[in-house]
Amino acid sequence: MTVFVVAEFRAAPGREDRLRTALEAMIEPALSEPGCLAYQPFVDPNDPAHLVAIGQWTGTAAWDAHLDSAHGRYLAGVLTGILAEPAVVHRATAGPGQASDSP
């Protein structure tokens, strides 16, 4: 079952560029994971301190593997020094009757 993840981040003052760089650095490694179907960070055009990363994984095991990967653990460490508040992570799966591979 496909897992969709929306993670919201708020950079500490003056750390907006560092947060954007850290999330963008995750694109290639995340997309190279066997269970990653999509990953893209976005900057709120009205608030550069607010960033959102949207990802899609083939299932919960793939998402858990992403979090436990070397690059996932590295990002977690980096985030502790640049976030103004804890990240908010929303996970969802395709509902009944929906194709499990639909975006």
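How many bridges join S1 and S4, and in which sense do the two strands pair? In this predicted model, S1 and S4 are linked by six bridges, and their pairing is antiparallel. Within S4, Val 88 stands opposite Glu 8.

The pair belongs to an open sheet of four strands. Their order is S2-S3-S1-S4, and the pairing is antiparallel. Strands of a sheet pair through backbone hydrogen bonds, either parallel or antiparallel. Strand S2 (36-44) and S4 stand at the edges. Each has a single partner strand, so one side of each lacks a neighbour in the sheet. On average, neighbouring strands are turned by 15 degrees against each other, direction ignored. Helix H1 packs on this sheet. It touches S1, S2 and S3, and its direction makes about 15 degrees with that of S3.

H1 also meets helix H4. Two packed helices are described by the angle between their axes and the distance between the axes. The axes of H1 and H4 come within 11 Å and cross at roughly 175 degrees. An angle over 145 degrees counts as roughly antiparallel, and H1 and H4 are therefore roughly antiparallel to each other. H1 contributes Arg 18, Leu 19, Ala 22 and Leu 23 to the contact. H4 contributes Tyr 74, Leu 75, Val 78 and Leu 79. Seven residues of this contact are nonpolar, none is polar and one is charged.

H4 spans residues 70-80, and its buried residues are Gly 72, Leu 75, Val 78 and Leu 79. These four lie on the same side of H4, because they cover an arc of only 120 degrees around the axis. The other side of H4 holds the exposed residues Ala 70, Tyr 74 and Thr 80. The buried residues of H4 pack against strand S1 (3-10), helix H1 (16-24) and helix H3 (60-68).

Helix H3 can be described in the same terms. Ala 62, Trp 63 and His 66 of H3 are buried. Their arc around the axis is only 100 degrees, which puts them on the same side of H3. Ala 61 and Asp 68 are exposed, on the face of H3 turned away from its buried side.

Definitions and conventions. Residues numbered from 1 in each chain as written. Predicted model: local features only at pLDDT ≥ 70, side-chain atom pairs only at ≥ 80, totals over all residues. Heavy atoms only, no water. Buried < 20%, exposed > 50% of the residue type's maximum accessible area, 1.4 Å probe, protein only. Arc of directions from axis to C-beta. Contact = heavy atoms within 4.5 Å. Axes fitted to C-alpha atoms, helices over the stretch in contact; angles between N-to-C directions. Parallel < 35°, antiparallel > 145°, perpendicular 65-115°, else oblique. Nonpolar A, V, L, I, M, F, W, Y, C, P; charged D, E, K, R; others polar. Pairing = 2+ DSSP bridges.
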